[in-house]
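The structure is shown first, and the description follows.

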Amino acid sequence: MSSAPYVIVGGGLAASKAAQTLRDEGFEGDLVVVTGEAHRPYERPPLSKDYLRGEADRSAVFTVDEDWYAQNAELRTGEPATGLDPMTRRLTLADGSGIDYKKLLLATGSSPRPLPIPGADLQGVHLLRTVEQSDLLHAAIDKAEHVAIVGDGWIGMEVAASARQLGREVTVFGLGAQPLERVLGPEMGLVFAKLHTDHGVELLRRTQVAKILGEDGRAVGVETDDGRRVAADVVLLAVGATPNTGLAVEAGINLRPKELGGGIAVDGTLRTSGPDIWAAGDIASIPSVHYGRPIRVEHWQTALDTGPHAARAMLGDEAPYDKLPYFYTDQYDLGMEYLGFVAGPDAYDEVVVSGSIESLEFVAFWTKAGRVLAAMTVNTWDRMAEVEALIRASEPPSPEALQSFR
């Protein structure tokens, strides 16, 4: 190459959208995309939903086709980046080779958090992050009678719904009083608890898993810390994810403290403390203009928005990132969208509901001193612009306005 390229490290949606945006915005220089996975970058939400159930083929997860990369970028697959030296502007790969860069975007995503308990390495115990892991989990569920899911967050509950839709018995082990309680609080966590129990899922709450039971090297069940045993052919460990910040740590790039969500500290342009290095997607801890604190969000929309934002910043755009956190889920006949941010159960006063929880058609608002912090629409569509207006409003809306919203 005649001059050092722009380099993107990552195999997910943030990486692919950043690469596309660089070209769309007129960047004509050399561009290299590096991913440790064996194929071009892809999106991950289908891996726990329709792709896992066999309702979509593999092409559905790829947002950019091979021809685009052939014409627009050097795509280096199956080559994990293992080292980063900001002073020499050099990225080192696992095979010992290196790439000199002019500007660099880190979009390395996150990895499933391991569960350090006996039996976690048995055959039949699964993690879910990659398309290959989704393939393995689908094949295992296809032959299973009973699926055990350790963890009641988004991945755990989406896989529980998929497994039930495939006709399997499902038990979910959760630490909280309700599934999804850490994100939605107990009020809306109860909605998802009822949804799953109505569809035949067994929810074990406030339950600590002590070990995975095995026979002949294969998982056959789960044992809790109080001695209860539940038989299972397949066990999914879904206890959260850890941002892949290893390159940043080696390079001496600033991180956020764990109490603020961890991840790589960036400014409003998604620039890190390293010279000409940006971060996007799961790893980026972004200062929120609206909430007055850094926020790190591990969801599809954040990757979709931050990849292009970082790309434009690499080309000189100084506009601060000001998107409100957004995510969605589809479970059984429930479709949900969520906009906003609530730091935890002590960060809001109440949840105001407009519509009918019983019929699963409603909007829920998390409020603090009357102001809307976040909102969730359930089987209620095309209202996100109105929800955002309420969150950003300079004056708190009246309780009547929220209760009659739907």
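The model is predicted. Its second largest pocket is lined by E187, L190, V191, K194, L195, D198, I357, E358 and L360. About 210 Å³ of space lies in this second largest pocket. By class, its lining divides into 5 nonpolar and 4 charged residues, with no polar ones.

Rolling a probe the size of a water molecule over the atoms shows where empty space is left. Across the whole structure, the search finds 3 cavities of 30 Å³ or more. The largest cavity has a volume of about 160 Å³. I286, I295, Y321, K323 and P325 are the closest to its centre among the 17 residues that line the largest cavity. Strand β20 (284-287) and helix α7 each supply at least two residues of that lining.

The second largest cavity holds about 40 Å³ of space. The residues lining the second largest cavity are E181, R182, V183, L184, G185, V342, G344, P345, Y348 and W366. Helix α5 (residues 181-198) gives the most to this lining, with 5 residues.

The table sets out the volume and the residue classes of the lining for each of these spaces.

| Space | Volume | Lining by class |
|---|---|---|
| Second largest pocket | about 210 Å³ | 5 nonpolar, no polar, 4 charged |
| Largest cavity | about 160 Å³ | 10 nonpolar, 3 polar, 4 charged |
| Second largest cavity | about 40 Å³ | 6 nonpolar, 2 polar, 2 charged |

**The contact of α1 with α7**

Helix α7 (residues 300-314), which supplies at least two residues of the lining of the largest cavity, also meets helix α1 (residues 13-24), and the axes of the two helices come within 7 Å. These axes cross at roughly 35°, and α1 passes α7 in a right-handed crossing. On the α1 side the contact is made by L13, A14, K17, A18, T21 and L22. On the α7 side it is made by W300, A303, L304, G307, P308, A311 and R312. By class, the contact has 9 nonpolar, 2 polar and 2 charged residues.

**Annotated domains**

The feature "domain: FAD/NAD(P)-binding" covers residues 6-307 according to UniProt. Over residues 6-307 the chain is 25% helix and 26% strand, and the end C-alpha atoms of this span are 14 Å apart.

UniProt places the feature "domain: Reductase C-terminal", also from an unreviewed entry, at residues 326-402. The span of residues 326-402 is 17% helix and 47% strand, and its end C-alpha atoms lie 19 Å apart.

Conventions: Residues numbered from 1 in each chain as written. Predicted model: local features only at pLDDT ≥ 70, side-chain atom pairs only at ≥ 80, totals over all residues. Heavy atoms only, no water. Axes fitted to C-alpha atoms, helices over the stretch in contact; angles between N-to-C directions. Helix = DSSP H or I, 4+ residues; strand = E, 2+ residues; numbered from the N terminus. Left-handed = near helix turned anticlockwise from the far one by under 90°. Contact = heavy atoms within 4.5 Å. Nonpolar A, V, L, I, M, F, W, Y, C, P; charged D, E, K, R; others polar. 1 Å grid on protein atoms, 1.4 Å probe; cavity = no way out; pocket = protein on both sides within 12 Å on 5 of 7 lines; lining within 4 Å. Points joined across faces, edges and corners; volume = space filled by probe spheres on them. UniProt positions renumbered as here; feature names shortened; annotations may be inferred.
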